[in-house]
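The structure is shown first, and the points follow by topic.

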Amino acid sequence: MKEVNMALPMSMGALLQADLQEDAAYRDDGLCVVGIFGKSNMQTGPLKESLINSLADKHIFSLFGAQEEDGGAADYSSHIQALYSQEDRVLYLLLSSVCDSRQLLRACRSLSAGIGHSDAHDFWKGLDRQHCLHLLYMFSVCHVLLLVHPNQTFDVSYDRLFRALDALRQKVLPLIRAAIKDCPVSKEWKLNCRPCPPRLLFVFQMNGTLKVSGNGSESGGNPDKPKKHSPRRRLQHALEDQIYRIFRKSRVLTNQSSNCLFTVPANQAFVYVIPVVDEDPVGALLGQLRSNCMLCDQDSSTSVSGPRRYQQMRRSARQPGYVGESGGVSVGGQLVDCSLKEFLWQHVELVLTKKGFDDSVGRNPQPSHFELPTYSKWVQVASRLHQVLISNTEEELAELATKVQSQLKVLEGFLDADTKFSENRCQKALPLAHSAYQSNLPHNYTTTVHKNQLAQALRVYSQHARGVAFQRYALQVHEDCYKFWSNGHQLCEERSLTDQHCVHKFHLLPQPGEKPDMDRNPPVLNHNSRGRSTSSCNCGRKQAPREDPFDIQAANYDFYQILEEKCCGKLEKIEFPVFQPSTPDPAPACNQAQRFVSEISGSGDAERLKEPSTAQSHTPGDTSLSLALSLGQSTDSLGPYGDGDGTETQVQQKRPSLVDRQPSTVEYLPGMMHSGCPKGLLPKFSSWSLVKLGPAKSYNCHTGLEQPGFLPGSSFLLPWDLVIRSRSEEDTGLGEPLDGGTSSWPAPNKNLVGKRGSTGGLGRSRRRDDMARVFVGFEYEDSRGRRFISSGPDKIVKVLGPGGAKDPATRVLNTDMPLYIPSPSQGRGLKAHFAQLTRLFIVVPDAQLEVTLNPQVQPGPPPCPVFHPEQTDLVLPPDGLWVLRFPYSYSTDRGPCYPPKENQPLNNYKVLRGILKATTANPAPQ
């Protein structure tokens with residue numbers, strides 16, 4: 001580096017990396033390092049930079065602070081600038097940090113608008129830690145340090161800062177020794193990691209409130225008796241006493257200077273107060289011009305350098321008439337105030353003359369070490385310390401730098417007082433939050449209870465906790481409450497198919513062949529909600545208690561299989577198709593969870609699922625057929641349906657069954673058959689059952705069903721009268737087709753005229769096999785085992801006398817029957833009990849009649865799918881009492897369809913109309 005560049009300030013990193021070529025005259029001379037740090041306010045010119053201009057007698061820094069460092073507004077971090085004056089053998093180090101107003105403004109601009117309080121606090125504390133590392137670096141490489149403050153009041157926060165720096169220095173001292181062990185310096189320097197205990201000087205800026213008169217006397221004193229010292233000097237002495245007492249009481253300063261972070265002189269001034277700038281700009285310029293002219297006259301003699309130049313400067317500065325920085329002259333015996341350069345140079349002279357600082361006090365003062373290095377030696381030490389403490393760019397010292405960063409937590413106890421207060425406050429709030437969480441808790445509870453109690457605990461915590469540690473300890477409240485809950489208090493989260501929680505604590509399910517084990521942790525148990533109900537078997541002749549089921553197989557298959565062995569195992573049944581595996585390890589079908597609405601709307605069966613009766617002419621929903629058959633009209637009214645072909649055949653061809661395609665033997669359907677599941681898949685078991693109790697005559701319409709659990713008078717099936725005809729008969733009286741026109745309806749109060757002119761509903765010439773009666777009964781059963789037959793959506797069959805039920809079955813067959821209705825025998829409690837549609841009884845007579853069964857159940861509001869058996873449009877054989885058992889629970893691959901709650905409308909849970917339809921059967925060939 002050339003001489004022209006030496007007079008310009010540069011960053012510390014650039015100075016240490018530059019190959020500075022010193023002049024031969026100064027190469028072997030010692031170097032005094034002066035560090036400048038402190039705070040600045042929003043004044044016009046930067047205070048610390050202006051001090052450098054005064055000390056170097058050069059215009060180096062802008063007086064108005066107009067220049068910006070590289071990085072602009074984003075350069076808010078701490079950094080050190082260096083200015084090397086070879087003639088004076090002084091290296092100035094200027095530290096800029098967030099304590100300066102410019103850096104503080106840049107740091108504020110860098111913060112985003114939406115940053116949280118805790119994040120902002122971490123940001124500022126990170127800058128504080130960075131500032132402490134830069135200060136520690138300067139206390140390790142400087143001989144003299146200037147603390148600059150923008151007013152005349154000492155900031156007591158420096159006491160806490162210096163104690164923190166001292167504690168950090170003791171922690172990182174072994175790491176610094178390892179970093180400089182190979183440097184060409186003395187053993188004392190390597191041991192203490194600094195050339196000497198640095199001397200700390202204080203520079204204060206006097207504000208306008210303490211401005212004094214020009215003659216140096218106090219404005220309120222007696223002018224005849226002037227004081228020996230000016231007010232500014234007396235202020236300096238008062239500040240010295242105050243600072244020394246504070247640092248001695250906090251033990252920042254001790255008797256032995258070698259053990260202290262810094263020292264202050266015992267018999268020299270270490271406080272300097274900069275006077276107020278004269279408000280008269282013309283007078284200030286004239287005084288500056290006069291002082292420059294006097295200096296030029298004196299410099300005409302032989303020029304000297306070094307300490308002799310300093311002595312000559314002091315003599316010239318004390319001559320009368322010099323008013324540069326002296327701040328006053330001798331008036332009536334009052335001492336003249338020295339300038340800032342004179343104040344500093346008396347300490348720098350002790351360094352350059354290698355006398356050192358003897359600042360130890362007490363009875364047995366120990367001399368402190370001192371070393372005046374050359375520039376090259378100092379750069380070697382400063383470079384390695386810079387790598388360890390600040391830059392961390394060399395891999396060789398990266399491990400030491402990492403260890404230094406890990407020791408920064410020692411600063412928290414000194415500098416982060418608000419965090420310490422916040423932590424103490426939040427720690428006191430933790431027991432209160434724990435008590436609020438555990439109040440009124442059962443031994444085992446669910447996630448919902450846990451979340452409610454946690455919210456209550458956080459409310460109590462937020463009432464007492466404050467500060468930046470709020471979020472961190474709030475997370476600890478979360479963790480503590482979760483640990484308490486999961487440590488033996490967590491209730492099993494599984495819900496039964498009736499929407500009841502398992503009462504066991506968190507447990508595992510036993511594997512096939514494994515027995516329950518309560519002693520394991522977690523225990524191995526089956527789910528149990530302690531809910532019991534009474535249900536009947538497939539045929540309804542035997543009732544037994546059952547546990548609340550948790551899976552669809554236990555609800556719809558296992559329970560009935562157990563009762564089938566005791567009751568209805570020998571009855572004739574129609575088996576529904578189920579999955580038949582062709583591999584030893586079949587797998588459930590994947591990716592079948594689709595939207596039911598889109599599945600239905602995209603298929604050709606959408607209209608059939610929504611309006612099952614509109615596409616069929618022979619369902620009970622067809623008013624023309626049901627009314628004509630019940631009124632006893634001629635068999636000719638069946639029209640084209642008598643031959644079993646025509647429109648019905650065409651409709652069935654348009655509506656192929658869901659299982660017409662070959663079912664898969666590799667993948668099975670997990671769950672139940674419904675309108676939203678893919679075609680070609682079958683479940684492993686059927687949730688439906690269709691058994692035959694006996695022939696048609698086994699049902700007596702006068703006594704009803706003789707099965708347990710029925711309410712008195714509610715076990716009677718509803719009659720459904722159907723008119724049929726024989727091929728040998730050729731009646732022509734009523735041969736018109738029954739299409740719903742006016743001819744299909746008889747006139748009121750008029751009897752139908754038969755073929756032979758006789759009157760009456762059933763003429764004497766009509767054969768008995770022309771009319772068939774089918775009995776239908778929708779059976780409901782509640783959880784207590786009480787059963788009854790329904791004669792309508794809101795009506796229960798009630799037969800008080802002989803003769804059986806009088807209400808026709810057309811009402812229940814032409815409407816959507818509810819899946820759940822309120823039980824007629826409610827308990828004493830406030831909770832309502834519902835009875836569920838469990839069975840459908842059909843008595844098919846021995847006649848030329850085909851009764852087709854097609855149940856469709858929608859167990860919930862849309863988009864709940866429509867459930868149906870594995871085989872639809874099932875023709876029931878004649879002469880039989882058939883029982884269709886509905887599923888106990890309904891479930892898809894997404895989960896179960898729970899029963900309705902008390903506040904939910906029951907009309908969304910229904911069995912779609914069109915469950916039965918009747919057609920005439922073709923007679924057997926002769």
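The points below cover a pocket, aromatic rings and charges over rings. The model is predicted.

**Second largest pocket**

- The lining of the second largest pocket is made up of 34 residues.
- Thr 498, Ser 783, Phe 834, Tyr 888 and Pro 899 are the lining residues that lie nearest the centre of this pocket.
- By class, the lining residues comprise 13 nonpolar, twelve polar and nine charged.
- At least two residues of the lining come from strand S8 (532-536), and at least two from strand S20 (834-844).

**Aromatic pair and cluster**

- An edge-to-face aromatic pair is formed by Phe 154 and Phe 202, with 6.1 Å centre to centre and 80° between the planes.
- This pair links distant parts of the chain, 48 residues apart: Phe 154 is in the loop between strand S5 (144-149) and helix H6 (157-179), whereas Phe 202 is in strand S6 (residues 199-205).
- Phe 154 is buried because its relative accessible area of 7% falls under the 20% cut-off.
- Phe 202 is likewise buried, at 0% relative accessibility.
- Phe 154 and Phe 202 also belong to one aromatic cluster, whose members include Phe 37, Phe 139, Tyr 158 and Phe 270.

**Charges over rings**

- The charged end of Arg 885 sits over the ring of Tyr 560, at 3.8 Å from the ring centre.
- The ring of Tyr 668 has the charged end of Lys 684 over it, 4.9 Å from its centre.

Technical notes
Residues are numbered from 1 along each chain as its sequence is written. This is a predicted model: local features need pLDDT of at least 70, side-chain atom pairs count only at pLDDT 80 or more; totals for chains, interfaces and linings use all residues. Side-chain values use heavy atoms; hydrogens and water are left out. On a 1 Å grid over the protein atoms alone, a cavity is a set of points where a 1.4 Å probe fits but cannot get out, and a pocket is an open set with protein on both sides within 12 Å along at least five of seven lines; lining residues have an atom within 4 Å of a point. Helices (H or I, at least four residues) and strands (E, at least two) are DSSP runs, numbered from the N terminus. Ala, Val, Leu, Ile, Met, Phe, Trp, Tyr, Cys and Pro count as nonpolar, Asp, Glu, Lys and Arg as charged, and the others, Gly among them, as polar. Rings of Phe, Tyr and Trp (its six-membered ring) pair if their centres lie within 6.5 Å; planes under 30 degrees apart count as stacked, over 60 as edge-to-face and the rest as tilted. Buried means under 20% relative accessible area, exposed over 50%, partly exposed in between (1.4 Å probe, protein chains only). A charge sits over a ring if NZ of Lys or CZ of Arg is within 6 Å of the ring centre and within 35 degrees of the ring normal.
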